[in-house]
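Trainee: I have a model open and want to learn how to read it. Please take me through some features.

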Amino acid sequence: MPKVYFITAANRPRGLGFTLVSKISALPYTLVFATARNPAAATELNELARERGNIVVVRLEAVSEVDAKAAAALVAEKAGKVDYLVPCVGASISAQRKVRLQTYNRTGFVHPLTGMQHPAYLHQQPIDQFRETFEINVLSQVILYQAFLPLLLKANKPVFMPLSSGAGSASTVYPFPIGSYGMSKAALTYFAVKVNSEQPHLCSFAVHPGVIKTDFYFVILEQHPDLAAGMAMLPDEMYLTAEQSADGMIKVLHEATRETHGGKFLDYKGDDMPW
Ligand SMILES: NC(=O)c1ccc[n+]([C@@H]2O[C@H](COP(=O)([O-])OP(=O)(O)OC[C@H]3O[C@@H](n4cnc5c(N)ncnc54)[C@H](OP(=O)(O)O)[C@@H]3O)[C@@H](O)[C@H]2O)c1
């Protein structure tokens, strides 16, 4: 039986989910389930699946328990287990939408890297945006974990590695409107750590993929042009390509054991992240 991977949010060709699926499916003896919320529109993913023959494209609206259960039933039927569960779904609603910019005043302290002042917006950000961010970044991963735990427990050395973010670390407070995103990623990191403590057969840890110019980055710039100058001041070496990030994360995923990785927050190189 090949190693079985379940990777969510694999539809965007520039994104980390797609890049992971592309690289992992090129390895021998692998079967990769790759999700999109609208598989019919995932043109590049479908093309890759046709080329490789070891990718199964699965529909998953990540906040839907019905979809997660249906996906788990499909994997149970086709593979009977999951060795690696890697949720890549993520969103920063406040940063990705143009919202209430009139309340978005730069009043906070100056960030040492960019010279930018932190915008003040949390006091007026609509509560619905917090809910939506937490639904997508935290609850979707809980829903996935609950649906897939029986399949993980059927694998020999299963690994659960959700993509968290350094933005959820209390030691990295970026001057961007991503407060609710950071809060949700902190919760996701905790979730991965807590799962590890509950399941002695499972290696669970959170990973920070680095900073990569995926669609996420470009949408933020589009919605908040005032951030462009500050973001342009970030040193080039801060950015990774999606390929560099995926190569690192795949190495971390394959080297992971409960003893060395379980219950931790690591970066894409496997180094400890502060949180
Ligand atoms: N890029 C970075 O620098 C960076 C840094 C730290 C952490 N991360 C994390 O890495 C992960 C991947 O991010 P990325 O940079 O590759 O971003 P991306 O290209 O914007 O991908 C985000 C993915 O999440 C999917 N998604 C959002 N809400 C969903 C929902 N309700 N149901 C199903 N799918 C949903 C999107 O699907 P649609 O196409 O259908 O919208 C898309 O495939 C995220 O968790 C992100 O927080 C990224």
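Trainee: Leaving aside neighbours within four places in sequence, which residues is Glu135 in contact with?

Mentor: Two residues are in contact if their C-beta atoms, placed from the backbone, lie within 7 Å. By that rule, and leaving aside neighbours within four places in sequence, Glu135 is in contact with Val63 and Ser140. The C-alpha atoms of Glu135 and Ala62 are separated by 8.9 Å. Those two residues are 73 residues apart along the chain.

Trainee: What should I know about the numbering and the model?

Mentor: Residues are numbered from 1 along each chain as its sequence is written. The model is predicted: local features need pLDDT of at least 70, side-chain atom pairs count only at pLDDT 80 or more, and totals for chains, interfaces and linings use all residues.

Trainee: Where is Glu135 found? Is Glu135 exposed or partly exposed?

Mentor: Helices are DSSP runs (H or I, at least four residues), as are strands (E, at least two), numbered from the N terminus. Glu135 is found in helix α5. For burial, count other C-beta atoms within 10 Å of a residue's own, all placed from the backbone: 20 or more is buried, 12 or fewer is exposed, and in between is partly exposed. Glu135 has 16, so it is partly exposed.

Trainee: Which residues of the largest nonpolar core touch the most other members?

Mentor: Start with the general idea. In soluble globular proteins, nonpolar side chains tend to be buried together. A nonpolar core is a set of buried Ala, Val, Leu, Ile, Met, Phe, Trp, Tyr and Cys residues joined through C-beta atoms within 7 Å. Here the largest core has 72 residues, and Ile7, Ala34, Val82 and Phe148 touch the most other members. Helix α5 (residues 127–152) gives the largest share, nine residues. Another core, of seven residues, lies apart from it, with Phe176 and Tyr181 among them.

Trainee: Which residues of α9 are buried?

Mentor: Ala242, Ser245, Ala246, Gly248, Met249, Val252 and Leu253 are buried in α9. Take the directions from the helix axis to the C-beta atoms to get the arc. The buried residues of α9 fall within an arc of 165°, so they line one face of the helix. On the other side, Glu243, His254 and Glu255 are exposed. Asp247 also has its place in α9. Asp247 has 17 C-beta neighbours inside 10 Å, so it counts as partly exposed.
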